[in-house]
Amino acid sequence: MNAPAHPYDALTPDRVLDAVEALGLRPDGRLLALNSYENRVYQIGIEDDRFVVAKFYRPARWDDAAILEEHAYALALAEAEIPVVAPLMLEGRTLHHDGPFRYAVFPRRGGRAPSLDNPEHLTWLGRFLGRIHLLGAARRFEHRPRVSPADGRSALAYLLAEAVPDALAHNYRAAAEPLLDAVEAAFERVGPYRTLRLHGDCHAGNVLWTDAGPHFVDLDDCRNGPAVQDLWMLLSGTREEMEGQLRALLEGYREFYDFDPLELHLVEALRALRLITYSAWLARRWDDPAFPMHFPWFHTARYWEDQLQTLREQRERLAEPPLAL
């Protein structure tokens, strides 16, 4: 018999349910795959008429020490009454193993996307982000990465070697390299910044809103870096709109933690890094059948032509003054 083409091919519904049952829970057969690509995440019905969420980490991405740092951070935030969905302690631990898979089980928490055009919502989010960063500043991650301009260089090298069509490779390099030069210059202007433990991927999809307020999910990308990394993805629209959103966020944020305005030089630099690293993420995951299925436009000439224009426009944004408070 041939080996599975991808490790996740072996993660069958029966295996998922058996792994959860091995932790002393009693699945009732209800299983729903949730919208996640980096990992595999399932909502599972339990016999006492409740649901849990099981997250199966992508094999070979993180080692146990890095995952356990994520869990410890989430548990510390939850203990401080910050609304973060933390893993359940089952069989005396949060991280579990089933063959090549590492997995954790979380309580299910519902909610809707926050209204990022609502200043009250933004101020509320800012308060909790300030509290997250106050706790995050107490120590640093030892086994997780740091936000760095070098991420863009490694992503670009991979894209040119493995993904960008030969006919567009010269133009893509010509657009990306000056952009990364500008990113590095922005980090140099800021100089040594205060590094703390971050959520790392704090966009609207990782915030669930209820009548009781927001709660944060998915600390899979938590890392060390500047505070603005957890703020910039909540900003969108025109410059004027982003400045208004930023003021609302910081109104709440500064109730609990100080913000260094110099970090505003990094907003567009971090956006530029994400443009390039996102393409590299798609390219590096292309052997996972879920990616060609859900991102069929990737690897098309149109995608790379659009990227060229986007990178050039982002270079222009980096040449502008930073957002003003």
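Visitor: Does asparagine 206 count as buried or exposed, and why?

Guide: Please note that this model is predicted. A residue counts as buried when its relative accessible area is under 20%. Asparagine 206 has 7% relative accessibility, and therefore counts as buried.

Visitor: Where is asparagine 206 found?

Guide: Asparagine 206 lies in the loop between strand 6 (196–198) and strand 7.

Visitor: With which residues is asparagine 206 in contact, leaving aside its neighbours within four places in sequence?

Guide: Asparagine 206 is then in contact with His199, Asp201, His215, Phe216, Val217 and Asp218.

Visitor: In which sense do strand 7 and strand 8 pair?

Guide: In a regular strand, side chains alternate between the two faces of the sheet. Here, strand 7 (residues 207–210) pairs with strand 8 (residues 213–216) in the antiparallel sense, over 4 bridges. Valine 207 stands opposite phenylalanine 216 in strand 8. The two strands form a hairpin, with 2 residues between them.

Visitor: How should I describe the arrangement of helix 2 and helix 3, and why?

Guide: Angles are sorted into classes, and 65 to 115 degrees counts as roughly perpendicular, whereas over 145 counts as roughly antiparallel. The axes of helix 2 (residues 64–79) and helix 3 (residues 119–136) cross at roughly 120° and come within 11 Å. The two helices are therefore oblique to each other. The crossing of helix 2 and helix 3 is right-handed.

Visitor: Which residues make the contact?

Guide: Helix 2 contributes Tyr73, Ala76 and Leu77, and helix 3 contributes Ile132, Leu135 and Gly136. These residues divide into 5 nonpolar, 1 polar and no charged.

Methods:
Residues are numbered from 1 along each chain as its sequence is written. This is a predicted model: local features need pLDDT of at least 70, side-chain atom pairs count only at pLDDT 80 or more; totals for chains, interfaces and linings use all residues. Side-chain values use heavy atoms; hydrogens and water are left out. Axes are lines fitted to C-alpha atoms, for helices over the stretch in contact, and angles run from 0 to 180 degrees between N-to-C directions. Angles under 35 degrees count as roughly parallel, over 145 as roughly antiparallel, 65 to 115 as roughly perpendicular and the rest as oblique. A crossing is left-handed if the near helix is turned anticlockwise from the far one by less than a right angle, and right-handed if clockwise. Contact means heavy atoms within 4.5 Å. Ala, Val, Leu, Ile, Met, Phe, Trp, Tyr, Cys and Pro count as nonpolar, Asp, Glu, Lys and Arg as charged, and the others, Gly among them, as polar. Two strands pair if DSSP finds at least two bridges between them. Buried means under 20% relative accessible area, exposed over 50%, partly exposed in between (1.4 Å probe, protein chains only).
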